[in-house]
Amino acid sequence: MERKLEEGGLPYRKRSDRTSRLKKYRSFRRRKWIAEFKDWFIMAVVVFSVISMLNLFVFNISMVKGHSMQPTLYEGERLFINKITLAFRDPRRGDIVVLHDPSNGPDRKEYLVKRVVGIPGDIVEVREHKLYVNGKPATEPYVDTAIEDADFAPVPVGRGFYFVMGDNRHAGASKDSRFFGAVPLKMIVGRAAFIWWPLPKVNAL
């Protein structure tokens with residue numbers, strides 16, 4: 001009788017062993033999945049943090065809106081904005097920069113894209129529909145027309161300020177320093193380094 005009981009108990013122990021191994025396997029898979037999820041989550045947080053820091057201090061991607069920089073830039077083009085360059089050098093004449101819109105009113109935008117035409121210490125004026133800097137005609141191969149807006153008397157650019165204009169010189173085409181004055185360096189976000197989209201227009205600025 002005892003022998004029969006022992007033999008009859010063998011299948012049950014086998015089933016019990018299989019169930020135990022299955023539970024252990026599932027537990028192992030669950031712990032492995034949780035560990036992998038934690039690794040991916042940590043990696044995602046690190047990547048997001050690095051990209052956020054780079055976007056905050058090093059570079060930014062911006063899209064051109066409006067027509068104020070034609071024929072150099074056209075609406076819808078994407079620009080790579082170099083922010084870190086301002087930590088090593090101030091904007092120069094001819095640089096295309098992105099700045100906070102200093103104007104007020106319903107047509108105010110968050111950012112503007114303009115060209116620096118006057119740096120601290122310069123005297124800027126428009127005479128006979130042409131830009132003059134420090135009494136000399138400015139060389140502007142990037143424009144396609146004379147300035148159609150009204151002339152203005154010489155304006156000194158103060159220390160730490162920059163006079164910016166759009167490349168589109170048609171009447172009323174650009175809201176710039178002719179209307180809101182020279183802008184302080186702290187309002188300039190970065191320098192437009194190149195067009196990166198669309199691909200046929202990829203070009204350094």
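Reader: What volume does the largest pocket have?

Author: The largest pocket has a volume of about 490 Å³. This is a predicted model, in which local features need pLDDT of at least 70 and side-chain atom pairs count only at pLDDT 80 or more, while totals for chains, interfaces and linings use all residues. Residues are numbered from 1 along each chain as its sequence is written, and side-chain values use heavy atoms, with hydrogens and water left out.

Reader: What makes a space a pocket, and how is its volume defined?

Author: On a 1 Å grid over the protein atoms alone, a pocket is an open set of points with protein on both sides within 12 Å along at least five of seven lines, whereas a cavity is a set where a 1.4 Å probe fits but cannot get out. Grid points are joined across faces, edges and corners, and the volume is the space filled by probe spheres set on the points.

Reader: Which residues that line the largest pocket are the closest to its centre?

Author: Of the 23 lining residues, the closest to the centre are Lys65, Lys109, Tyr111, Leu112 and Val113. A lining residue has an atom within 4 Å of a point. Strands β1 (59-63) and β4 (111-118) each supply at least two residues of this lining; a strand is a DSSP run of E of at least two residues, numbered from the N terminus.

Reader: Why is Ile61 called partly exposed?

Author: Ile61 has a relative accessible area of 39%. Buried means under 20%, exposed over 50% and partly exposed in between (1.4 Å probe, protein chains only); Ile61 is therefore partly exposed. This residue lies in strand β1 and, leaving aside neighbours within four places in sequence, is in contact (heavy atoms within 4.5 Å) with Arg78, Leu79, Phe80 and Trp196.

Reader: How do you know that Arg191 has no salt bridge?

Author: A salt bridge is a side-chain nitrogen of Lys or Arg within 4 Å of a carboxyl oxygen of Asp or Glu. Lys and Arg count as positive and Asp and Glu as negative; His and the chain ends are not counted. For Arg191, which is buried, the nearest side chain of opposite charge is Asp95, 4.7 Å away; Arg191 therefore has no salt bridge by the 4 Å limit.

Reader: Where does Arg191 lie, and which residues is it in contact with?

Author: Arg191 lies in strand β11 (residues 188-197). Leaving aside neighbours within four places in sequence, its contacts include Phe80, Arg89, Asp95 and Leu205.
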